[in-house]
Amino acid sequence: MAVKKERRNFLGLALGGFTTLGGIAALGAAKRTWDPLPSVMAAGFSVIDLSVTKPNVLYVAKWRGKPIFILKKTPDMEKNPREVIVGDSRYLICIGICTHLGCIPSYFPKQHKFICACHGGQYDSNGEVTKLPPPLPLYIPPFKIDGQKVIIGESSPEFQKLKAAGLTA
Ligand code: FES
């Protein structure tokens, strides 16, 4: 009789242990399902080294599948509240997508302007519209300056200031 009772206790413990392990494994699997994929996490930010940029040469990076335009301004380019100042340099940092119907404008360095081939819209070196039909300037993405690097996708007081002033969406 005692042997039967011990056997029952052992089976009960073993079943309880398996149930607990199964529950932990199920919770782990559920968490892995809920967590964003590593590729999605990595796509959230783009870090761009500004030290490699040259005046009046358009640098195009990528953020969440969108082109990001970085234009280091030359001293003769007019000052503008939309520009981002890093050290002694001034930059246009914007999403390189036309605000009309979403084409990608090209930069013409001699004229210091962007021209959208789709419907002829134009923007100056500040990303401001100089020729319709684009209804709005080129958008400035959330950004944060960290030394000579700009982190696209991370907000900062500089970006919030531009946003509060209505200089980007
Ligand atoms: S999409 Fe750029 S002008 Fe129409």
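Good morning. I begin with asparagine 56, which is found in the loop between E1 and E2; helices (H or I, at least four residues) and strands (E, at least two) are DSSP runs, numbered from the N terminus. The model is predicted, and local features need pLDDT of at least 70, side-chain atom pairs count only at pLDDT 80 or more, while totals for chains, interfaces and linings use all residues. Residues are numbered from 1 along each chain as its sequence is written.

Is asparagine 56 buried, exposed or partly exposed? A residue is called buried if 20 or more other C-beta atoms lie within 10 Å of its own, exposed if 12 or fewer, and partly exposed in between, with C-beta atoms placed from the backbone. Asparagine 56 has 16 other C-beta atoms within 10 Å and is therefore partly exposed. Contact here requires C-beta atoms, placed from the backbone, to lie within 7 Å. Leaving aside neighbours within four places in sequence, asparagine 56 is in contact with Thr74 and Pro109.

The C-alpha atom of asparagine 56 is separated by 7.6 Å from that of histidine 112, although the two residues are 56 apart along the chain. Histidine 112 lies in the loop between strand E6 (106-108) and strand E7 (113-115). Histidine 112 is also partly exposed, because 17 other C-beta atoms lie within 10 Å. Most residues other than glycine have a negative phi. Histidine 112, which is not a glycine, has a positive phi of about 55 degrees.

Let me now turn to the chain as a whole. There are 3 helices and 11 strands. From the N terminus on, the elements run α-α-β-β-β-β-β-β-β-β-β-β-β-α. Of the 169 residues in the chain, 22% are buried. Among contacts between residues at least 6 apart in sequence, 42% join residues at least 24 apart.

Next, the sheets. In what order do the strands of the open sheet of 4 strands stand? The order is E2-E3-E5-E4, with antiparallel pairing; two strands pair if DSSP finds at least two bridges between them. Strand E2 (58-63) and strand E4 (84-86) stand at the edges, each with a single partner strand, so one side of each has no neighbour in the sheet. The twist averages 30 degrees from one strand to the next, where axes are lines fitted to C-alpha atoms, for helices over the stretch in contact, and angles run from 0 to 180 degrees between N-to-C directions.

Within this sheet, E2 and E3 pair in the antiparallel sense over 6 bridges, and leucine 58 stands opposite leucine 71 in E3. The hairpin of these two strands has 2 residues between them, and arginine 64 there takes a positive phi near 50 degrees. Arginine 64 counts as partly exposed because it has 14 C-beta neighbours inside 10 Å.

In the hairpin of E10 and E11, glycine 147 takes a positive phi near 65 degrees.

In a regular strand the side chains alternate between the two faces of the sheet.

Finally, the core. A nonpolar core is a set of buried Ala, Val, Leu, Ile, Met, Phe, Trp, Tyr and Cys residues joined through C-beta atoms within 7 Å. The largest has 24 residues, and those with the most contacts inside it are Ile70, Tyr91, Ile93 and Cys94. At least two residues each come from strand E3 (66-72), E4, E5, strand E11 (149-152) and helix H3 (157-164). E5 supplies the largest share, 5 residues. Leaving aside neighbours within four places in sequence, isoleucine 70 is in contact with Ile48, Thr53, Tyr59, Ala61, Tyr91 and Ile93. Thank you.

Note on methods:
Contact = placed C-beta atoms within 7 Å.
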